[in-house]
Amino acid sequence: MEVAEAGPPVQPDPEQRRFVICGDDSLAYRLADELTNRHSGQVTVILRSRTSRYGRRIARLPGVRIILAERPDVDAYQAAQVGSADALALVDRNDVANIEAALQAHDLHPTLRIVVRMFNTSLSQGLNQLPYCTVLSDGALAAPAFVSAAVGQATPRHGLRDGTMFVAGRHEVREDEVVCGLAITGYGEEPEVLPAQQQAADLVLAAVAPWRPEASRRRPMSHGYPLGTIAGRVWRRIRLVLGIFSGLLLGAAAVLALSRPGTTWSQAFFDAVLATLGGADVEPTATGVEKATLVVLTVASIALIPFLTGAVVDAVIKVRLEVADGSLPRRASGHVVVVGLGGVGSHVVEGLHGLGVDVIAIDRSSEARGVSAVRELRIPLIIGDASRRETLLAASLPTSRALVVLTSDDVTNLETALVGRAVRADLRVVLRLFDGDFADQVQRAFDLTISRSVSYLAVPFFAARMLGHELEAIPVARRVLLVAETTIGERSILSRLTAGDLRRPGEAWLLRLTNRVGSQLPATVADGRRLRPGEKVTVVATRAGLARLMAEAAARPDALRHIVPHE
């Protein structure tokens, strides 16, 4: 085992929080950067190798201690001084390894706050029962941002968990119901979040549930459910036969009604149906016209009924075969094509499905994590290489609503996006890229809609839970706004400020103030109202704005020297 200090040595500050992270991927790197730069914490990272891709990046972070260990065990925990840490984050990609490490850490330090990354939520039930242990899925946390980009809205309309506020377009609510203007999305490449001119914001937080647009209602999926698909295709195949059959019955009923004095139309139609389906029962006194009509009906029934049965069976079998071999999705339209069914892709598919958006999924492997979820939702699935034109055509890409590419490889994602844009020049394309600078270059060069990386979107939630806070996220294009509540500490910076000081354009905006006896004051509380220790403030903020606010809520006036002010 090796202990190393990344960057210049940093003298321990007894008042700084200490955190330990186990992992060596993009989430571990961004989490270490978040805790050191935005929250001025002391961070120790346990990883397997300093020479791995993210190991090298972590090693370059100033002041981060590195413990080299094959896995987090008792020796690694002791070297990292986990017992004196404020929180431990287990962010390895292996669910079972994270469970084992969490149980071991809990046995060593029962009161340690532990945050565990996990894909398989069914495995997390046992860990959630442990005190001070939180299980998070980075894919589930990041999925809403990709969903909003796919459907072409700043954010899907939804309510916050406490049920008191809802995200909506300004036109969907009355002006007196607006709590806060979230963003101006009508112009420019990037929306202006938390604008100073609140009246100009077209995306708002409202105090009541908004009228839900028709697009958000659950509707039957024309190509998503095989039973619905089969019914539609069967009807198209047999309607000609049914038309001929119905015309024959009506014609025969008319002949019988006109040739039998005193016979009603309903009785004539009834006799015609019985003659067709059950064979003619001719009376000796029947006229020649009646006998001829019943003979024709009897002969026609012998031919048409088996033909009708055959058409139904043929349609059912053919459509089921098309569903099985993937050829049926070629007829879809207005859907979203999702490429990559890993931890992120499966959550994105579920999110789109929940909004009532039709989906066709593509993955190279039938063993991908999200394949079982897709099959449970009865969503069309194509197993193949999405970077090949014929695979995208099989998914009806030319008539689709958007292409969302979510594999874990930047090169594959870009290649698939460019092939999709070649198939259709005006296609909305959303892809997952880790490197932010590379993403900006790609967007400028190819006019692609780029979402941030999964780790970028998920890391604020992991950091907040390590700090003892809970967050909610509101995706706005490529950015994310965070809703959080924090308590004002004794002799903290916030205890010297007023409510108006928490209305910071582009950074943070006060939503609610809860005083020390539990009474909630609305967002309209007067600017001059002084904040008091022990009160709780609920705000919507950018990542940088929230980090600064949390530090101010707990810190002395001289404790903000490490906070990075930029987003």
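Begin with the largest cavity, which holds about 60 Å³ of space. A cavity here is a set of points on a 1 Å grid over the protein atoms alone where a 1.4 Å probe fits but cannot get out, and a lining residue has an atom within 4 Å of a point; grid points are joined across faces, edges and corners, and a volume is the space filled by probe spheres set on the points. By this rule there are two cavities of 30 Å³ or more.

Before going further, note that this is a predicted model, in which local features need pLDDT of at least 70 and side-chain atom pairs count only at pLDDT 80 or more, while totals for chains, interfaces and linings use all residues. Residues are numbered from 1 along each chain as its sequence is written, and side-chain values use heavy atoms, with hydrogens and water left out.

**The cavity lining**

Select Glu 34, His 39, Pro 460, Ala 463, Ala 464, Leu 467, Leu 471, Leu 482, Arg 543, Leu 546, Ala 547 and Met 550, which line the largest cavity. The elements that give two or more residues to this lining are H15 and H16, and H16 gives the most, with four residues. Helices (H or I, at least four residues) and strands (E, at least two) are DSSP runs, numbered from the N terminus.

**Helix H16**

Now select residues 543–554, the 12 residues of helix H16, whose end C-alpha atoms are 17 Å apart, in agreement with the 16 Å that they should span at 1.5 Å a residue; the expected span is 1.5 Å times one less than the number of residues. Because 10 of its 12 residues are buried, H16 is largely enclosed by the rest of the structure, where buried means under 20% relative accessible area, exposed over 50%, and partly exposed in between, with a 1.4 Å probe and protein chains only. The buried residues of H16 are Arg 543, Ala 544, Gly 545, Leu 546, Ala 547, Leu 549, Met 550, Ala 551, Glu 552 and Ala 553. To see what covers them, show helix H1 (26–38), helix H15 (454–466) and strand S23 (536–541), which are among the covering elements.

**Helix H1**

Moving to H1, you find 13 residues that reach 17 Å from the first C-alpha to the last, close to the 18 Å expected at 1.5 Å a residue. This helix too is largely enclosed by the rest of the structure, because 10 of its 13 residues are buried; among them are Ser 26, Leu 31, Glu 34 and Arg 38.

**Strand S5 and its partners**

Two strands pair if DSSP finds at least two bridges between them. Strand S2 (residues 18–22) pairs with S5 in the parallel sense over four bridges, and Cys 22 stands opposite Leu 90 in S5. S5 also pairs in the parallel sense with strand S6 (residues 113–117), over four bridges, and the partner of Ala 89 in S6 is Val 115. From S5 the chain crosses through helix H4 (residues 95–108) to S6, and this β-α-β crossover is right-handed; that is, with the strands pointing away from the viewer, the path from the first strand over the helix to the second runs clockwise.

**An open sheet and a buried loop residue**

Next, find the open sheet of four strands in the order S8-S11-S9-S10, in which the pairing is antiparallel. Strand S8 (166–169) and S10 stand at the edges, each with a single partner strand, so one side of each is left without a neighbour in the sheet. Two bridges join strand S9 (residues 178–184) to S10, where Glu 192 is the bridge partner of Ile 184.

Then select Leu 194, in the loop between strand S10 (192–193) and strand S11 (203–206). Leu 194 has a positive phi of about 45 degrees although it is not a glycine, and at 0% relative accessibility it counts as buried. Most residues other than glycine have a negative phi.

**Two further stops**

Tyr 132, in the loop between helix H5 (125–128) and strand S7 (133–136), also has a positive phi, near 65 degrees. Finally, select Gln 267 in helix H8 (residues 265–278), which counts as partly exposed at 37% relative accessibility.

**The whole chain**

Zooming out, the chain has 16 helices and 23 strands, and buried residues make up 53% of its 567 residues.

Notes
Contact = heavy atoms within 4.5 Å. 1 Å grid on protein atoms, 1.4 Å probe; cavity = no way out; pocket = protein on both sides within 12 Å on 5 of 7 lines; lining within 4 Å.
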